[in-house]
Amino acid sequence: MAAPFLLTTELDNIGIVTLNKAHKRNALDEDAIAEIDEYFSNIPEHIRVILMKAEGDHFCAGLDLKEHHDKERGAVDFLRVCQSWHRAFDKIEHGGIPVIACLQGAVVGGGLELASAAHIRVADSSTFFALPEGTRGIFTGGGATVRTAKIISPNRMIELMLTGRVLDAVEGERLGLAHYVCNNEANPKTAYELSLELAQRIAGNALLSNYAIVSSISRIADMSATDGLFAEGLMAAVVQTGRDVQDRLGEFVNKKAHKVKPTK
Ligand code: 1HE
């Protein structure tokens, strides 16, 4: 039997998911997508945050081009493949649990689509981003036209795809593809260390606040302003029913809570 594509483990209430096909640069074949779908469909109830990382020097080389070549998929076959990616990545983005992607090396094609479904992207300084589909005679099919375009703007995505240009970690951060770049002078931590630190901090937030943040903001961005404001009010009202709201507010009122301070 083939080794699983995903290794999964837990650190307290943090789920750690590792792409585990380094010899193929973690390229995504049909089985890999099915495993991602399966994990994100069945997140254990005690898991508060998920950290998604990858074995080897590269996060993910995108669609398994060998499988795609060998299967000689027709239009309907590939439409189905794309829909299976959409379903799996939707579960990452809209599963209600914050997902942090810890990146290194290639984050390209479908690898960038996968990273774009995460809520936070922490990049090692070795990270590079590209959408080489145009140069391979294919097109994005794992959600980049929706998610990556939302992050960097549709026009920037058009330019990246037409030219096949490769962005380094710092250029990626400037466009929003990474929220943090690590392993450099400004931030000497490894991407994993910082990802874990962020995961632990986020796990300490109220469960319902995290749910609202990852479930409503990107959806509200797709709504009209009127609908969005209504949805925001509803979401806030639901979050308000959380068990620890009064405790957390009480800590502030009683001067026991941290203050919001500038970091420098
Ligand atoms: C692969 C794949 C892959 C590597 N599918 N097998 N994605 C791309 O166009 C990226 C294609 N890959 C690369 O450009 C490079 O492999 C990397 C920059 C990621 C890494 O380079 P390197 O020198 O470290 O590794 P390598 O020698 O190129 O690859 C090692 C092995 O992984 C090799 O197989 P081997 O049998 O010769 O050992 C490669 O063939 C294999 N490999 N990448 C299959 N992608 C739903 S639509 C989504 C659209 C897309 O994602 S398009 C794909 C874009």
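Select His58 and the ligand: a polar side-chain atom of His58 lies 3.1 Å from an oxygen atom of the ligand, a polar contact in the sense used here (a pair of N or O atoms within 3.5 Å; within protein, one must be able to donate a hydrogen and the other to accept it, and residues adjacent in sequence count only if both atoms are side-chain atoms). The model is a predicted one: local features need pLDDT of at least 70, side-chain atom pairs count only at pLDDT 80 or more, and totals for chains, interfaces and linings use all residues. Residues are numbered from 1 along each chain as its sequence is written, and side-chain values use heavy atoms, with hydrogens and water left out.

Arg25 sits in the loop between β2 (14–19) and α1 (30–41); helices (H or I, at least four residues) and strands (E, at least two) are DSSP runs numbered from the N terminus. Its phi is positive, about 55°, although Arg25 is not a glycine. Most residues other than glycine have a negative phi. Arg25 is partly exposed, at 43% relative accessible area; buried means under 20%, exposed over 50%, and partly exposed in between (1.4 Å probe, protein chains only).

Ser153 can be selected for its backbone too: phi there is near 95°, again positive in a residue other than glycine. Ser153 lies in the loop between α6 (147–152) and α7 (154–163) and is partly exposed at 27%.

Now show everything around the ligand. The shell has 23 residues, the closest being Lys24, Ala61, Leu63, Gly110 and Arg136; a residue is included if one of its heavy atoms lies within 4 Å. At least two shell residues come from each of α2 (65–71), β5 (106–108), α4 and α5 (133–136). By class, there are nine nonpolar, seven polar and seven charged residues (Ala, Val, Leu, Ile, Met, Phe, Trp, Tyr, Cys and Pro count as nonpolar, Asp, Glu, Lys and Arg as charged, and the others, Gly among them, as polar).

Select α4, residues 110–117. Eight of its eight residues are buried, so α4 is largely enclosed by the rest of the structure.

Move to α2 and pick Asp70 and Lys66. Their side chains meet in a salt bridge, 2.7 Å from N to O (a side-chain nitrogen of Lys or Arg within 4 Å of a carboxyl oxygen of Asp or Glu). Being four residues apart in helix α2, Asp70 and Lys66 are separated by about one helical turn. Asp70 is partly exposed at 45%, while Lys66 is exposed at 53%.

The structure holds twelve salt bridges. Another to select is Asp244 with Arg248, where the closest N and O atoms are 3.1 Å apart. Next, show Glu30, Glu67, Lys71 and Arg73, which salt bridges with shared partners join into one network.

Finish at Ala231 in helix α11 (residues 225–239). Ala231 is buried, at 19%. Leaving aside neighbours within four places in sequence, Ala231 is in contact with Ile220 and Met223 (heavy atoms within 4.5 Å).
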